[in-house]
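The following note sets out points on the architecture of the model under review. Please read it alongside the sequence and coordinates.

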Amino acid sequence: MSLDQLILTKFGADADHEMILNMGPQHPSTHGVINFVVHADGEVMRKAVPQVGYLHRAIEKIGEIVTYPGFMPYTDRIDYLAAMFANEGYALAVEKLLGLQIPPRAQYLRAISCELNRVASHLVSLGTMAMDIGAVTPFPYALRERESINDLLEALCGARLTYNYHRIGGVAFDMPEDWMPLCRKWLDHFEKILGEWDRLISFSEIFVERLAGMATIPAEMAINYGLVGPNLRAAGVDFDLRRDEPYGAYPDFKFEVPIGKAYAGSHRGGQIGDCYDRFYCRVLECRQSLEIVRQALDRFPPGEFMAKVPRKIKPEVGEAQSRIEAARGEMAYYVVSDGGERAYRVRARTGSFLAMGIIEEVSQGLMIADLVALIASLDVVAPEIDR
Amino acid sequence: MKELLDNLILRWGHDPANWPSTQGVYLAGMMLAGVALTTFGAIFAGLLSWWERRVAARIQSRIGPNRVGPGGLLQFLADALKLIGKEDLIPSSSDKLLFRIAPYFVMTGFVLTFVVLPFGYRLSPSYMNVGLFYVVSITALIVVGILISGWASNSKWALFGGIRAAAQVVSYEIPAGMVILVPIIMAGSLNLHDIIRAQGGAPWDWFMFQTPMGYGAFFILFVSLLAEGNRTPFDLPEAESELVSGYNTEYSGMRFAYFFTAEWGGLWVSSALLTTLFLGGWQVPGVSIDTLTRWEAAHAVPWWFYLMSAAVFLVKVLALVNVIVWIRWTFPRIRVDQMMTLCWKYLVPIGMGLVLLEALTEVLSFQIFGEAAKGQAKPGSARDMLHLAFFLIAGVLPLTAFLMKTFKNIQLTGDRVDLSNW
């Protein structure tokens with residue numbers, strides 16, 4: 001059977017009116033190893049069907065093979081851009097199983113590291129989005145700032161990408177002595193950089209025109225598809241786990257939750273939940289993360305950074321679930337214990353996977369150039385989709 | 001070119017009209033000029049590739065290529081060597097003949113423009129009296145090559161790129177062709193050298209600052225030439241984040257290099273055209289056209305004038321090229337429908353209006369100023385003062401505002417101008 005016939009049988013009689021375009025798995029802007037089967041009619045797409053699974057590494061299965069603390073480094077690999085969150089979610093779930101009380105200092109360290117990581121992750125997202133729209137210059141700027149965050153995190157936990165910082169019962173290392181002034185200096189520096197970022201790309205006329213009113217996801221649709229995190233908030237749904245179901249040190253902090261407000265402006269056709277809202281909500285979230293880190297540094301508590309945890313972690317028979325607000329939205333872990341040293345089941349629920357589901361519906365009628373922007377605005381990361 | 005060769009033959013002691021070898025000398029001269037200009041195009045494109053990468057690096061707070069030669073200047077030679085050494089890969093499912101010849105169309109369309117483009121006073125191979133028309137028509141060859149390459153590659157990404165390029169270049173040739181009429185009306189000629197001679201050395205004697213129509217026409221032509229040269233924000237045909245690499249996705253080695261030589265060399269063509277039509281071409285400030293005519297009548301054009309005119313022209317062209325490079329590393333890319341909207345809904349009607357207004361102005365100013373409306377304005381005359389006032393409002397004011405804004409932005413970020421690690 002020739003390839004053309006194969007396409008015809010697979011995609012139906014309609015296929016001869018449209019061009020089937022395989023975008024990926026090796027394509028510069030699919031943000032990792034993802035394939036999109038694009039049904040294109042000229043420049044306009046009928047739909048784009050995402051095909052995931054190229055990066056499946058069976059991380060959840062590994063969780064059943066290694067011990068509870070031994071799984072922690074694997075969680076880094078779930079989302080390499082925001083490894084802190086994957087760490088924290090797993091730690092929280094196991095701590096629930098064990099019924100552990102975490103010392104406040106550890107909770108603050110977790111919050112600080114996570115918020116810094118959130119900024120780093122958003123920077124990559126914003127930079128790649130600008131690059132997908134054709135502006136190459138903002139990307140190195142974003143990466144330059146991410147490097148300075150990596151420096152901070154490296155001073156904190158010794159790693160720049162896969163941090164493996166959080167532990168069941170606390171964090172791996174205490175804050176170094178001279179770290180706090182370094183972090184404050186960086187906070188002041190980054191405030192200015194956010195202004196520069198807005199002048200550089202956020203308020204660039206071409207950029208806003210490209211994204212305004214494009215690939216709009218209304219609130220109802222976002223909820224129906226189970227979107228989480230910035231994608232959900234950009235659709236106008238005011239929901240943030242850090243505020244609505246606070247965990248760790250988050251009840252102590254005051255911060256705003258930016259939601260989509262058609263930032264592109266109605267005169268440009270901006271709508272609540274369009275690509276520009278998703279972009280700009282992330283910029284605003286970076287600012288809020290700075291606020292949280294600042295507050296955490298101001299009232300950084302003394303004490304232990306690790307709870308008393310038995311050498312061998314053997315939770316009683318039972319199950320536990322944890323939910324955290326990760327950079328790509330709500331991340332949930334579900335851990336089942338059968339009383340042994342190893343988990344009976346570990347499952348992770350991630351934001352990128354949920355975001356992939358909505359692409360087929362939203363992409364209908366978009367242009368191919370807009371598909372790239374849509375993928376970028378949903379901020380999907382391939383390993384987080386497949387795990 | 002012919003005059004030059006005739007002079008040469010005269011100096012050798014023969015009469016060009018009767019000497020039997022005249023045609024041979026002509027042929028040799030033409031071939032030499034052809035080789036020289038092609039080489040110039042290629043070397044300029046190579047040097048520009050280095051310059052663009054360095055400028056892009058500065059813009060993106062990187063350093064850029066600085067290993068090969070002083071400041072990385074010879075990087076383009078290393079790149080060229082690498083590209084020559086690569087396998088000339090031809091996809092098995094492609095249309096092999098068309099795939100092979102497509103780069104030559106692009107290259108030919110680019111190189112042939114040098115036949116009429118001036119480099120300085122009397123420095124151009126031909127004084128073709130339809131020079132401008134020739135440039136517009138010969139550059140259309142490039143889109144033929146791009147379309148062929150997109151089709152012959154038998155790759156969907158390349159096809160998208162080719163179709164986009166065809167739609168874009170053909171569309172933008174209309175506003176470009178329209179606003180080119182503005183300097184033609186001003187100068188009353190299609191000959192590129194005559195158009196330059198109708199302008200002056202000082203900025204307010206340039207066509208760009210003589211009338212608001214010339215000012216608008218400059219920007220429309222600038223945008224159209226960006227689009228025709230597939231430069232950001234109109235780089236849709238090779239949008240690397242959407243179409244992998246667009247029409248040249250399947251090309252490698254020297255054929256790929258041809259596309260890029262034509263693209264970077266095309267910047268010279270665009271800038272030289274803009275300089276000629278709107279920015280006074282090779283007119284040296286301080287040497288009025290009357291002085292020049294007097295020198296010509298006495299057959300005593302000083303040698304330094306040739307050099308100065310070439311230098312002035314070079315500086316103007318390079319400044320424009322640099323602006324185009326800045327634009328590429330500053331702006332995002334626009335979408336296909338926005339590209340079409342910009343062309344057909346804005347540039348074409350505005351361009352049309354500018355041409356009509358310019359024709360009207362020309363008639364009116366002839367009514368008001370009489371014979372003084374023709375050619376360059378006399379220094380100190382009412383027409384000259386008018387040009388000067390418009391230059392201050394339209395040229396100096398926006399530039400000052402732009403610079404002030406730039407320095408304010410640098411201060412806001414707490415940054416500083418630093419060229420130490422160049």
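**Notes on sheets, core and chain contact**

1. Chain A contains an open sheet of 3 strands in the order β6-β7-β8, with antiparallel pairing; strands, like helices, are DSSP runs numbered from the N terminus (E, at least two residues, for strands; H or I, at least four residues, for helices), and two strands pair if DSSP finds at least two bridges between them. Because β6 (318-326) and β8 of chain A stand at the edges with a single partner strand each, one side of each is left without a neighbour in the sheet. On average, neighbouring strands of this sheet are turned by 10° against each other, direction ignored; axes are lines fitted to C-alpha atoms, for helices over the stretch in contact, and angles run from 0 to 180 degrees between N-to-C directions.

2. This is a predicted model: local features need pLDDT of at least 70 and side-chain atom pairs count only at pLDDT 80 or more, while totals for chains, interfaces and linings use all residues. Residues are numbered from 1 along each chain as its sequence is written, and chains are lettered from A and ligands numbered from 1 in the order in which they are written.

3. Within the sheet, β7 (residues 329-337) and β8 (residues 343-349) of chain A are joined in the antiparallel sense by 6 bridges. Val336(A) has Arg345(A) as its bridge partner, and Val335(A) is bridged to Val346(A). In a regular strand the side chains alternate between the two faces of the sheet. The two strands form a hairpin with 5 residues between them, and Gly339(A) in the turn has a positive phi of about 90°.

4. Helix α4 (residues 83-98) of chain A lies across β6 and β7 of chain A and runs at about 150° to β6(A).

5. Elsewhere in chain A, strand β1 (residues 19-23) runs antiparallel to β2 (residues 35-41), with 5 bridges between them; Ile20(A) is the bridge partner of His39(A). β2(A) also pairs with β3 (residues 44-51) of chain A, in the antiparallel sense and over 7 bridges, among them the bridge from Ala40(A) to Met45(A). The hairpin of β2(A) and β3(A) has 2 residues between the strands, and Gly42(A) takes a positive phi near 70°.

6. Chain B, by comparison, has 15 helices and 0 strands. Its radius of gyration, taken over C-alpha atoms, is to be read against a globule rule of 2.2 Å times the number of residues to the power 0.38. For 422 residues a compact globule would have a value near 22 Å, so the 23 Å of chain B agrees. The C-alpha atoms of chain B fill a box of roughly 70 × 65 × 45 Å along the principal axes.

7. The largest nonpolar core has 224 residues, and Leu211(A), Leu371(A), Val106(B) and Leu274(B) are among those with the most contacts inside it. Such a core is a set of buried Ala, Val, Leu, Ile, Met, Phe, Trp, Tyr and Cys residues joined through C-beta atoms within 7 Å; buried means that 20 or more other C-beta atoms lie within 10 Å of the residue's own, with C-beta atoms placed from the backbone. Leaving aside neighbours within four places in sequence, Leu211(A) is in contact with residues including Ala264(A), Tyr276(A) and Phe279(A), contact requiring C-beta atoms, placed from the backbone, within 7 Å.

8. Where the chains touch, the contact takes 26 residues from chain B and 30 residues from chain A. On the chain B side, α14 (336-369) and α15 (382-412) each supply at least two residues.

Terms used
Two residues are in contact if their C-beta atoms, placed from the backbone, lie within 7 Å. A residue is buried if 20 or more other C-beta atoms lie within 10 Å of its own, exposed if 12 or fewer, and partly exposed in between; C-beta atoms are placed from the backbone.
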